[in-house]
Amino acid sequence: MAIVGMTGSGKTVIATNIITIRDFVVVLGTKSADDSLYGPLEAQGFVKVESWDPWEWRETGHKRVIFAPPLELSDEPTPKEVDQAIGDQADKFRTALVQIFKAGGWCVYADEIAYLTNDLGLASVFNLLWLQGRSLGITIVSATQRPRSVPLNTFQMAEWFILYRIADREDRRRASELTGPLAPVVFETAGRLPRHEFAAVHKSTDSILRSRVQLDERERLAA
Ligand SMILES: Nc1ncnc2c1ncn2[C@@H]1O[C@H](COP(=O)(O)OP(=O)(O)OP(=O)(O)O)[C@@H](O)[C@H]1O
Ligand SMILES: [Mg+2]
């Protein structure tokens with residue numbers, strides 16, 4: 001599943017509501033604190049960990065995990081130390097993703113796929129999961145504000161597209177062009193959607209629906 005929309009549209013809200021239909025879910029946390037993401041997940045029983053292996057659930061029982069390896073930085077890091085810390089964080093994600101590939105069966109949620117694939121250099125391992133993960137029972141749910149900055153497989157391999165309003169024409173073209181025969185409808189719709197409404201495209205049946213997440217009272221107050 002690929003989710004695209006501008007900041008504040010509701011990508012994190014829909015993702016955190018939908019991933020729980022799976023039994024084994026790991027959320028890739030790139031920040032050590034992220035209230036809009038970790039709060040709702042922890043309320044649903046997710047456990048935040050700094051190191052993780054997909055087989056670990058057999059000992060810990062943890063099938064809903066936020067894997068957030070921290071950036072290990074001193075108070076006044078040199079540029080080299082910053083690069084080193086980012087590289088170390090990337091290595092931890094890469095190792096976990098390879099282990100997921102070997103284990104199969106996990107649903108992986110990437111809240112900003114462009115950061116993981118570009119900035120952390122994880123495009124090749126994500127491409128491996130997109131191209132070969134389906135038959136291993138692996139689901140990738142990814143969200144982005146920057147459809148032009150993500151690998152094509154983000155969209156090409158998605159069974160479901162969720163599109164919120166995308167004002168930028170080029171971004172909209174990129175996000176809609178791989179939705180098959182519905183591409184012109186998706187392109188037009190994604191330019192006009194009201195705030196928090198989305199178009200969902202199911203690629204294998206060429207169906208499209210328009211909807212919005214109904215937040216409960218607690219979530220509305222928090223928003
Ligand atoms: N269906 C909805 N109804 C009402 N409010 C919503 C709805 N969806 C999201 N919101 C509110 O909009 C705000 C932004 O939502 P969210 O954090 O999911 O956006 P986002 O697309 O992930 O943004 P970003 O790209 O910055 O991460 C939140 O305060 C959230 O509660
Ligand atoms: Mg978000």
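A158 sits in the loop that joins α7 (153-156) to β7 (160-163), in a predicted model. Here helices (H or I, at least four residues) and strands (E, at least two) are DSSP runs, numbered from the N terminus. With a relative accessibility of 4%, A158 counts as buried, a term that stands for under 20% relative accessible area, while exposed means over 50% and partly exposed lies in between (1.4 Å probe, protein chains only). Apart from its neighbours within four places in sequence, A158 is in contact with M1, A2, N153 and K203, where contact means heavy atoms within 4.5 Å. P40 is 118 residues away from A158 along the chain, and the C-alpha atoms of the two are separated by 25 Å.

The next stop is helix α2. Within α2 (residues 35-43), the buried residues include L37, Y38 and L41. These residues cover an arc of only 80° around the axis, which puts them on the same side of α2; the arc is that of the directions from the helix axis to the C-beta atoms. On the face of α2 turned away from this buried side are the exposed residues D35 and A43. The packing partners of the buried residues of α2 are α1 (11-18), β2 (25-28), β3 (47-49), β4 (64-67) and β5 (107-110). Just after α2 comes G45, with a positive phi of about 95°.

Two pairs of helices can now be described. Two packed helices are described by the angle between their axes and the distance between the axes. Axes are lines fitted to C-alpha atoms, for helices over the stretch in contact, and angles run from 0 to 180 degrees between N-to-C directions. The axes of α4 (residues 79-103) and α6 (residues 123-132) come within 10 Å of each other and cross at roughly 20°. This makes α4 roughly parallel to α6, since angles under 35 degrees count as roughly parallel, over 145 as roughly antiparallel, 65 to 115 as roughly perpendicular and the rest as oblique. The contact is made by R94, L97, V98 and F101 of α4 together with V125, F126, L128, L129 and Q132 of α6. By class, seven of these residues are nonpolar, one is polar and one is charged; Ala, Val, Leu, Ile, Met, Phe, Trp, Tyr, Cys and Pro count as nonpolar, Asp, Glu, Lys and Arg as charged, and the others, Gly among them, as polar.

In the second pair, the axes of α8 (residues 169-176) and α9 (residues 183-190) come within 9 Å and cross at roughly 145°. R169, R172, R173 and S176 of α8 meet A183, V186, F187 and A190 of α9 in this contact, which divides into four nonpolar, one polar and three charged residues. S176 is buried, at 3% relative accessibility. Leaving aside neighbours within four places in sequence, S176 is in contact with A183, V186 and F187.

Two loop residues complete the tour. Most residues other than glycine have a negative phi. H196, however, has a positive phi near 70° and is found in the loop between α9 and β8 (197-202). H196 is partly exposed, with a relative accessible area of 31%. D206, also not a glycine, has a positive phi of about 50°. D206 belongs to the loop between β8 and β9 (207-212) and is partly exposed at 38%.

Residues are numbered from 1 along each chain as its sequence is written, and chains are lettered from A and ligands numbered from 1 in the order in which they are written. In this predicted model, local features need pLDDT of at least 70, side-chain atom pairs count only at pLDDT 80 or more, and totals for chains, interfaces and linings use all residues, while side-chain values use heavy atoms, with hydrogens and water left out.
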